[in-house]
Amino acid sequence: MTVEQEHGLETLEINVNVGPQHPATHGVFRMVLTVDGERVVDLVPHIGYLHRGAEKLSENLDYRQAIGLQDRTEYLAAFNAELCYVMAVEKLAGLEVPERAEYIRVILAELNRITSHYMFMGAFATDIGVFGTAFTYGFREREYIQDLFEEVSGDRMMYAYFRPGGVAWDVPDNFKERVRWVCRQTRVGISDIDSLLTSNEVFVTRTRGIGAISPQQAIDYGLSGPVLRACGLRVDLRREEPYSIYDRFDFDVPTGEHGDSFDRYRVRLEEMRQSVRIVEQAVDQMPDSGPILPEKLPRRLRCPPGEVYMRAENPRGEYGIYLVSKGGDKPYRLKIRSPSYCNLMALKEMTVGHYVADAVVILGSIDIVLGEVDR
Amino acid sequence: MIGDNVWLDAFVRLLAVLGLAILVVLILTYVERKFVGRIQMRLGPMRTGPYGILQSIADTVKLVVKEDLRPASADRWVYELAPIAAFVPAFAVLVALPFTDSWGVRVLNLGLFYVVAVSALSVLGYIMAGWASDNKYALLGAMRSAAQLISYEIPVVLALLALAMVAGSLDLVKIVEAQGRVPFIVWQPLGFFIFMAGMLAETSRRPFDVPSAESEIVGGPWIEYSGIRWSILFAFTEYTTMFGLSVFGALIFLGGWNWPLGLELGWWWQLLLIFVKATSLIIVTLWMSATFPRLRIDQLMGFCWKLLLPMAFLQVFLNGLLLVYKWPDWTLLLTSGGALVFTAFLIYDATRVKAPVRATARGVTS
Amino acid sequence: MIGVLKAMATTMRTMLRKPVTIQYPTVHREIPERNKGFPLLLWDFEVDEPYCTGCHACERACPVECMTVIMKDNPNFAEEKSKRRKIVDEFWIDYGRCMRCGICVEVCNFEAIAMNNSWTAQEQSRFDRSELVLDLDQLLAQSKAGKIHPWVAP
């Protein structure tokens, strides 16, 4: 019997608006919680505050110009988004990517995965309340990696470096040493965050059992990425449908067990270590010189008419590009399947029944990027 | 006795302690920002004055010139008196603390009792602030804050009671003198642990800062306050309480001005000892604040009532056994230390990562 | 309990490290050579005119259409001082729209435009948005003063 029936009391459910401006994380996202006492009874997410028309704009830009737009859609893992888009165009146009360019792309994409997860660690810890300490640890390492990105592509976040067929220009001469140095530093950063947070009892009590979702529900909602792997399903697109040269590397795919926030955090932490492994192997295998673009690349790239769907394993999940071309140098339709948008569908399922204070923690653990959700 | 007038003497000493409290608050705002900044590998304030020393003064000036807002529908007198109601008990704690073996504002023979009782009064200030703001979320934050403060008083009182039983007196000077050979922290680590948890909760610092920081959605009982009024409620009260309780903790647990060689060497050595010990307790508090995430309100209450309270009873029981059966002091170490280890085990077990993440090899699909 | 102590040990360790932040206005970080700041035009010191001929290639390639170019007949060509028939007359770049992608540099046939890889490109704050539209003289100023060492992709 509920409180009302037992004592003849009338209770009210309040609507709490967790407004478009959050303290310090995630971007402009609004959720309206209906709370009964302290428990969440219902959740309605409102999105669209960051819609910038990326898909429509791409219809007026040719294949090289649209790369900048892909960066800005998924700004925290821009190399991964660029990689997926560029691979889609290559598949449609039938381009062959030279070896050296493939290795460069994989190295940069995996390093970007590491920076994205560092950002997650910082933002997640801030949601939980550590404010500052884990944030700065993650960001210090991220700065080293971003310095490397700046030396290669010229920008720290919006690179526009990949091109259909390869990369825009060659990497500097000291690239391999720099990457190895960055790998060494990153291991220090990962272990710092690990020792600060993983066995910290307060952190564990705040995240264990919060936002759990069962594997069947995860499949039904179409989740992907670390959220899905934390439920125990070992699904990683780099293994299921290896794209680029991922089948040449030896790495593990971490999974969790309970599907709660703590497992998602641990899966991402372990993924960072596996990414470092991939980068080290790639640096060892990379040819020291070679072309970075195919020889017969036309000045204006034109794709034959047709359509293609290309998917890649982004740090947040499965990123998909559906490209329809009518034969010109601009796409007819470019649709982005963003993982954050699909993962957000399960937010209500995960949050109902928990406390208000946990709603923010669960949102943080799904790790969304509003640029992707709203495009 | 200054001048032969009791009132003049009291007045002068009060002024001295008030000055000390204000100075300590100013220093602590700066120290906290620098210290927490260093933990986060950044520099902290650097621009206001050399190495940012004038930061506290800059903050104070800024807060004083801010507009003093008051919601139109707020209960006027309650709203305006709430900061004072929160600050005065924090300051009143400093009145009973003996800083050396012969100097304190007033050395009461019920010193321990007085400190505990008076520091509990600041709850009233928070409730007044939350109620008078005429804001649903302020009231919610104030209720949570009141629940936290009142709950954490109880294990602390019991732990201090246990300590007073062994020391044989409530008079702070006598308690310090009883620690001539060995400070009480050595015999009663469990009591010290309970006291530290209580101190973190009394000053609303992480991990117990549900009232203080953004309670995930809104600001707690002080949302409607601005300017110097907010500063009194928040910064002054918090830092004065932290300072007062640190000196108190140094006196009763760490040996005060007596250990190692207080009574022999004179007042300057005693002052130095007190200063060093209180500073170390403050640094430990700041350090813990910077390291821990925030506990949720229900976990916080569970920690207090389900863990600290039984442990506090246990400590009282053990101390009682010691007194009744006249066991030597070191048995207390065994029992209290054993209880502390057991507490640690309970915390560890409750939060242990039971099923580790499996990073399995390639080729094995689930 | 152990985890708590481990976390505290970590923070103590990091406290003893050197801080990683630098005080920006007094100290500037070193920018790598390839940094893509805002684009600017280069000055040809041998012939004493801009390299840019106003051919509109970058204007067409820009994804956000932030440039406006006007071309004119080169008076220096008529006087046999230079090989360029046409020269740029007016050139505006709206830094508020530019997305710093570098495509204009890639398509330029004359290597006349380059990405500014110095701190000046990062300190372009203005109080009024219309001041962000730079004209030809402002774009050439840094190159004329010799203060730019642009990086050109091989």
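Predicted model: local features only at pLDDT ≥ 70, side-chain atom pairs only at ≥ 80, totals over all residues.
For chain B as a whole, the average pLDDT is 79, and 90% of the residues score at least 70. The stretch to treat with care is residues 354-366 of chain B, where pLDDT stays under 50. The model gives that stretch 19 contacts beyond four places in sequence.

Now for a pair of helices. In chain B, helix 1 (residues 6-39) packs with helix 10 (residues 227-252) at an angle of about 105 degrees, and their axes are 9 Å apart. That angle means helix 1 of chain B is roughly perpendicular to helix 10 of chain B. On the helix 1 side, the contact is made by B:A21, B:V24, B:V25, B:L28 and B:T29. Helix 10 of chain B brings B:A235, B:F236, B:Y239, B:T240 and B:F243. Sorted by class, this contact has eight nonpolar residues, two polar and no charged ones.

Last stop: chain C. Which chain B helix gives the most to the side that touches chain C? The contact takes 13 residues from chain B and 12 residues from chain C. On the chain B side, helix 1, helix 12 (267-291) and helix 14 (329-351) each supply at least two residues. Helix 12 of chain B gives the most, with four residues. By class, the chain B side has 10 nonpolar, one polar and two charged residues.

Methods. Residues numbered from 1 in each chain as written. Chains lettered and ligands numbered in written order. Axes fitted to C-alpha atoms, helices over the stretch in contact; angles between N-to-C directions. Parallel < 35°, antiparallel > 145°, perpendicular 65-115°, else oblique. Contact = placed C-beta atoms within 7 Å. Nonpolar A, V, L, I, M, F, W, Y, C, P; charged D, E, K, R; others polar. pLDDT = per-residue confidence, 0-100.
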